[in-house]
Amino acid sequence: MVEKRKGIGYVLEAIAAVMTLLLFAVGNSPAPPAQDWSTFQEEISANDLGYTLKQTGDLEDFVRDREGGSFQTVTEELSSGRLSVAGTLENIPKDDSNVGFHVLKRQHHETDVDAVSSCEGDLADEVENQSEIISTEKEPPRHETELYFAKTGNDVAEGYDTLYVDNETPCQFSSAEGPFYPGDFFKWGNSTNPDEYEFYQFKNITDTTFTFNNATQVVRLKKTVNRRLNGIETDQSFNTFRLSDEDIQNYDTIVFKQSDALDDIQNEFDSNDNIEKYAEDGSILLLMNLTESDFNSYSFLRATGLKWVDLDHEEAPSGLRLDNSQVGETVQKYLRGMDARASDVSLPTGGNVSSSNAPTIIGDKSIAYGQSGSYKVTQWNVTNFSMEQVDPDAYSSDAPESECYQNSKTGNFTLGEFTFDTGKTVKVLNIKLGDTHDYCSKNVRALKFLENPNLPGKEDLTEKPYLNGERLTVGNKSFVARTYTQSGNNNFDNGEAAEFIFTGEDDIETVNYRESFEGFRGERLARLAYKPRYSDGDRKMIGSVLYWLVGDRSNFGSLESSTTSTYLIGGIDQNTFMPYKYSLRWK
Amino acid sequence: MKGQINIEFLASAMLYLIALGAVVTASSAVLPAYSQETQKAELNLESRSTTFKLLTDQGRHSFSGGGTNWERNNTTRDATTSLGITNGEDFHLDRGKINALRTVGENYFNYSQFREVVDVDNQYKFNFTWTPIVHTEESFTKGKPPTSPNIDEPSHPAYPSVDNEVHYGSTTIAGQNYRFLVTARNSIYNATYVSSGWDFSNAVPLGESETLNVYGTEYRITRFQNKDDDRGALLLLGKHLKTFGADTGEASTVIKFNRYAVMEGEPVRIGVWTW
């Protein structure tokens, strides 16, 4: 009995000891982290505030006028300093992008300036003495108008800093005639007839030389693009530049007009990596009519991935139709935001150029095509209608097995040559297939390449036969294999005829784009035709493409970290075709 | 003679006392923290649901067939069955309903009635501040005001020395249009001239924290927009509407956060204290 009690006692003590140890462990373990109620409260406030500002219409004003700073101020003040906000505005083109227009050598001018003989008038009030006024008087007057320059001592530049255009009344200037500062665009000419004046950009002035660039098209495009887009401010900054004079890395988008610019681009492309370095972050717009010779001559053009389509037109292109690709729909959205439609645009194609965004040359993704018009794509079909009977035994290792050509049945095993634009002429077998003689009457055929029409490193087409209707790719073209049994008046029952039919779209592109390049890294490029004078609809189309190029995400504010995220979506003036999205981070 | 207490008993007793001490120590550390967290959770959750109800409901009274205009008179206020302060649209407040709230007073919906009708476990205080936003994104160069609208610049002696870019805009307060010029010194926008028309000849500059008087009601200039990209494009006014509820006194756990709603097209900040 005593032993039993002792034994039980030992057990009880052991249990007590274990429990003690456990209690120590539990007592020393920290309590689980407390709920962060401040984040809970911030989320409520952030959601309320975002919703309230949307309801009052203030959010729409911030979007419309691009006032990210105002949004931050309102948030901080209304939350009594408890909340800060930063965020991204999406689906609306970035504003305040820097767009540079390349000028050709003949569009860049330097002209002599000299001291004036006399200039009693408005300018005399701006300067201390007349020796501080110089003009273009001694040069033949361009557009029958002189320019005057003064040192007015403002903060824009040292030395000569202001330009006045002297229309009609010598040294008397209206507010439209100046002052203009370096970087400004000005009208040179005193007529309202567009053929009698031009716009230029004032680049530089020294004691002896005035430097300026042609800018008439730039000014007209600027007026169109800087109109509000669906009521939303989209001010972009426009400039002109020569590749040799300026660092293009400062620009967000650069525009090259006329195919004459290809010489300048190619020189830059060959001599340094400025263009490639620029393309990594910036976007490029080509306003050019292109020819096959341009693609042959300029490696830059080939490196972009754009392709020349060496086909005649089945029907000449006219009009414009926007594609329903993602980029096409984005550009269409912007065009609509500028109160324009595809039917307002009168741009030509500017050459047989394909964006070539699909794996094969004429794909199905573009920005815009001709409303009507098509390529004669049958020109790219590769045919042989005179394939000849050969001995199957000579090709036993290449041909698939079939009862149909056993015992040398005529027409069931033929050979012909096909020439592709990879530069290769290859032999192809035309074989009737069947595992029974009865099946052979169904005339199921296959084509088997004996040599690969693709260049080394590309898909080897000799690996398998191609049944009637099967797709294959040779070079940058996509084909469908086609064998004939009978066609019209010709009897092709004997395996004489086979064809590789090109399967690309036959639509002719009017606006091309690339989102990646073949010869260098980059993200965005577009091409439209060049015209000496664009219509209002054309400029809106160019503007819409420009908006796509500058991108549609704008950031405002900055927070090192954030505790809450919300988003708000809406449409300006209830328009739903261009919705905005604010992705907000709060702290 | 052998002792009554043996060494095993002593050891067990010691173990027992140590275990008891550990349990007491652990509880005294964990239980208060647990209790406080529970209280915070309750305050936050109740506060959110109570304010959500207030901001999404018009309220109801049961007098004479019932209705949503509980604020109309003493009879309807006394017959209030549910409290809400909207005008029928979620997060859009009715000024009359806010005006009808008063912490104490017989001719108002008072705090005691609030606690009874809303049936809350905790104490509350609300602070309503109306914060009209005036957009002044348009601008002109000092000395060259626009002709449309036809702005007459101030004659005040402080005006000639302000920065060149002057912003302007307008808003409606208490049914009356007011026009604002916003001026800067050393690139900081810090003063506004206010007029009922575009003639600011007799206007005087008002800075932050100064007040604008509209038909006897004072609105405080609370903030000018001086963040990058759009300096001067906006200024904020503030008008305290109402404080309603108990005093926090010496409450140990008070939670406070802001809710927001719209009244007459402008934001309202509602400070909410709960304890």
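**View 1. Asp57(B) and Lys53(B) meet in a salt bridge.** In this predicted model, the closest N and O atoms of Asp57(B) and Lys53(B) are 3.2 Å apart. A salt bridge here is a side-chain nitrogen of Lys or Arg within 4 Å of a carboxyl oxygen of Asp or Glu. Lys53(B) counts as partly exposed because its relative accessibility is 38%; buried means under 20% relative accessible area, exposed over 50%, and partly exposed in between (1.4 Å probe, protein chains only). Over all chains, the rule gives 27 salt bridges.

A word on conventions: residues are numbered from 1 along each chain as its sequence is written, and chains are lettered from A and ligands numbered from 1 in the order in which they are written. Local features need pLDDT of at least 70, side-chain atom pairs count only at pLDDT 80 or more, totals for chains, interfaces and linings use all residues, and side-chain values use heavy atoms, with hydrogens and water left out.

**View 2. Chain B meets chain A.** Here 45 residues of chain B are in contact with 39 residues of chain A, contact meaning heavy atoms within 4.5 Å. The area buried between the two chains is about 3,600 Å², and carbon and sulfur atoms give 61% of that; buried area is the accessible area (1.4 Å probe) that two parts lose on being put together, summed over both. Across this interface the rule finds 4 salt bridges. One of the salt bridges pairs Glu76(A) with Lys227(B), at 3.3 Å from N to O. Glu76(A) and Lys227(B) also belong to a salt-bridge network with Glu77(A) and Arg223(B).

**View 3. Arg521(A) reaches Glu280(A) through a salt bridge.** The N to O distance is 4.0 Å. Arg521(A) sits in the loop between β30 and β31 (524-528) of chain A, while Glu280(A) is in helix α8 (residues 274-281) of chain A, 241 residues apart; helices (H or I, at least four residues) and strands (E, at least two) are DSSP runs, numbered from the N terminus. Arg521(A) is exposed, with a relative accessible area of 61%, whereas Glu280(A) is partly exposed at 37%.

**View 4. Tyr513(A) and Trp548(A) form an edge-to-face aromatic pair.** Their centres are 5.6 Å apart, with 85° between the planes. Rings of Phe, Tyr and Trp (its six-membered ring) pair if their centres lie within 6.5 Å; planes under 30 degrees apart count as stacked, over 60 as edge-to-face and the rest as tilted. Because Tyr513(A) lies in strand β30 (residues 507-514) of chain A and Trp548(A) in helix α13 (residues 536-550) of chain A, the pair ties together parts that are 35 residues apart in sequence. Tyr513(A) is buried, with a relative accessible area of 4%, and Trp548(A) is buried too, with 5%.

**View 5. Ser195(B) is a buried residue of strand β8 in chain B.** The strand spans residues 188-195, and Ser195(B) counts as buried because its relative accessibility is 13%. Beyond neighbours within four places in sequence, Ser195(B) is in contact with Tyr178(B), Arg179(B) and Phe200(B). A polar atom of the Ser195(B) side chain lies 3.1 Å from the backbone oxygen of Asp199(B). Asn177(B) is 18 residues from Ser195(B) in sequence and 8.9 Å away in space, C-alpha to C-alpha.

Note on methods. A polar contact is a pair of N or O atoms within 3.5 Å; within protein, one must be able to donate a hydrogen and the other to accept it, and residues adjacent in sequence count only if both atoms are side-chain atoms.
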